[in-house]
Amino acid sequence: MTTSTSPTDRAVTMSGRQISALIVLLASQFMMAADFSVLNVALPRVGDDLGFTSGNLQWITTTFALCAAGCTLVFGRLGDVIGRRRIFIGGMVLLCVASVIGGLAESPSLLLLARTLQGLATAAVTPAALALLTTTFSDPALRTRALGLNGVMMSLGFTVGAVLGGVLTDLLSWRWAFFINIPVAVAAIVIVPIVVNESRSGSSQKLDVPGAALITAGLFAVIYGVTTGAESGFSGIALLALAAGLGLLGVFSIVESRSADALVPVQILKKRTVAVSNVAALFIFGGETALIFFTGLYVQNVLGLSPLAAGLTLLGIGLGQIVGGFIGPRVLTKVAPRTALGASLALQGLLMAPMVWTGTDSIALIPLLATQFVNGIFSMLAMLSFMVIATSSVTDDLQGMATGMATQSQQVGIAVGIPLMSAIFTAVAGADALGVEQLDGIRVAVGIDAVLLVVVGVAAWLALRIRASSIGTEPSPATA
């Protein structure tokens, strides 16, 4: 593999060791992305087999996302301190254990335990794999190519996972959505120590243990409060969890402002570009995750089609995201990221509209597939724009922290998106709704999801435009 890195067209070639490292690290990222969608299409079948109610079904996804959201930043920083390869391998071992438990689960509690461990494994492996990629490829051109392939493989993982989940559930069992992880994880555990060097921060900075404990506990409490309140009403334990979580996050901000080894430097949080883009990310990922969840319910429970059909329906979003991943960088050379972010968010919402008018006739799948493909393109463009804006105004020595925050925002959005929209669904359709009875709830939930994305897209564009005007310059396409 070669690429041009300078005006002199100096060819830079990956070594055999680098190619091996790239393959195994990209395979791990592919698997983590597939893990999310591979079980999504099997949710109705899992619920029937293990006794989940339609109101509780979202906890299979939410439990995973809650743990990933609460621990990503901490595991990323821990990798800086004790070694990213060590964290990566530990995460893969944990994934193996989780997959065995999930594949053999005979009760909702065991399945949720497996999803908890999978979430922790994802929080460990994802930032570690990304850091190992950037340190393995020190040449800027090779690093750019490796990161680009990483983005494409994660989108491809989602797409293949959606189809694979349907195939496995139809031909074998939903349990193979867990078992299929084991050989890939074992291969990574064996190969990574051979082809990837250990990597850690060269500074003497230590892990901010108080900060790590506070932000993890705070995020867990807030997300738990949101999901519990969305399911049972915002009273009692839900309000208590929200209050406790917000209090812990407040204490976290005080501790960080006084810490020499701050987990999250306060100056990052004060940047409007960082704040606005990370808030937008909550809606980008939360909105898209909810759409995926309700599309699966609609195809299987309302139309009565198979898990394979549900997987093929979700294929439209995944393919759109792959296309968006290829064309997005070119778009951002011609359009300011703040404009691309606002427009893409709004269009992502507008392209959810066909779900609002769906019926019980499978002919509705034709416009649904077409619009969800285009939706996937704009959701990926929104993701790329958000990442550029979130990191462009941060100095090089804080880039790791900025990308860690961005990853955390994605996970939090995924964790709260489904439960909040599920609360709307349950309020309309009822917790025990079955089959066609769920249609009105799906329509209303997706409709509100769409409106929120349009509103947030416009608000984000205005907020970032005000920022650009306040500093007296109009940002170029390459900046936020």
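This is a predicted model: local features need pLDDT of at least 70, side-chain atom pairs count only at pLDDT 80 or more; totals for chains, interfaces and linings use all residues.
Which helix supplies the largest share of the lining of the largest cavity?

## Packing of α4 and α5

Helix α4 spans residues 84–104 and helix α5 spans residues 108–136. The two pack at an angle of about 155°, and their axes lie 7 Å apart. Angles over 145 degrees count as roughly antiparallel, so α4 is roughly antiparallel to α5. The crossing of α4 past α5 is left-handed.

Sorted by class, the residues in the contact of α4 with α5 are 21 nonpolar, five polar and two charged.

## Cavity count and volume

Rolling a probe the size of a water molecule over the atoms shows where empty space is left. In this model the count comes to one cavity of 30 Å³ or more. The volume of the largest cavity is about 30 Å³.

## Cavity lining

The residues that line the largest cavity are D35, V38, L39, R115, Q118, A177 and F178. Three helices, α1 (16–40), α5 and α7 (176–179), each supply at least two residues of this lining. The largest share comes from α1, with three residues.

By class, the lining of the largest cavity consists of four nonpolar residues, one polar residue and two charged residues.

Note on methods. Residues are numbered from 1 along each chain as its sequence is written. Side-chain values use heavy atoms; hydrogens and water are left out. Axes are lines fitted to C-alpha atoms, for helices over the stretch in contact, and angles run from 0 to 180 degrees between N-to-C directions. Helices (H or I, at least four residues) and strands (E, at least two) are DSSP runs, numbered from the N terminus. Angles under 35 degrees count as roughly parallel, over 145 as roughly antiparallel, 65 to 115 as roughly perpendicular and the rest as oblique. A crossing is left-handed if the near helix is turned anticlockwise from the far one by less than a right angle, and right-handed if clockwise. Ala, Val, Leu, Ile, Met, Phe, Trp, Tyr, Cys and Pro count as nonpolar, Asp, Glu, Lys and Arg as charged, and the others, Gly among them, as polar. On a 1 Å grid over the protein atoms alone, a cavity is a set of points where a 1.4 Å probe fits but cannot get out, and a pocket is an open set with protein on both sides within 12 Å along at least five of seven lines; lining residues have an atom within 4 Å of a point. Grid points are joined across faces, edges and corners, and a volume is the space filled by probe spheres set on the points.
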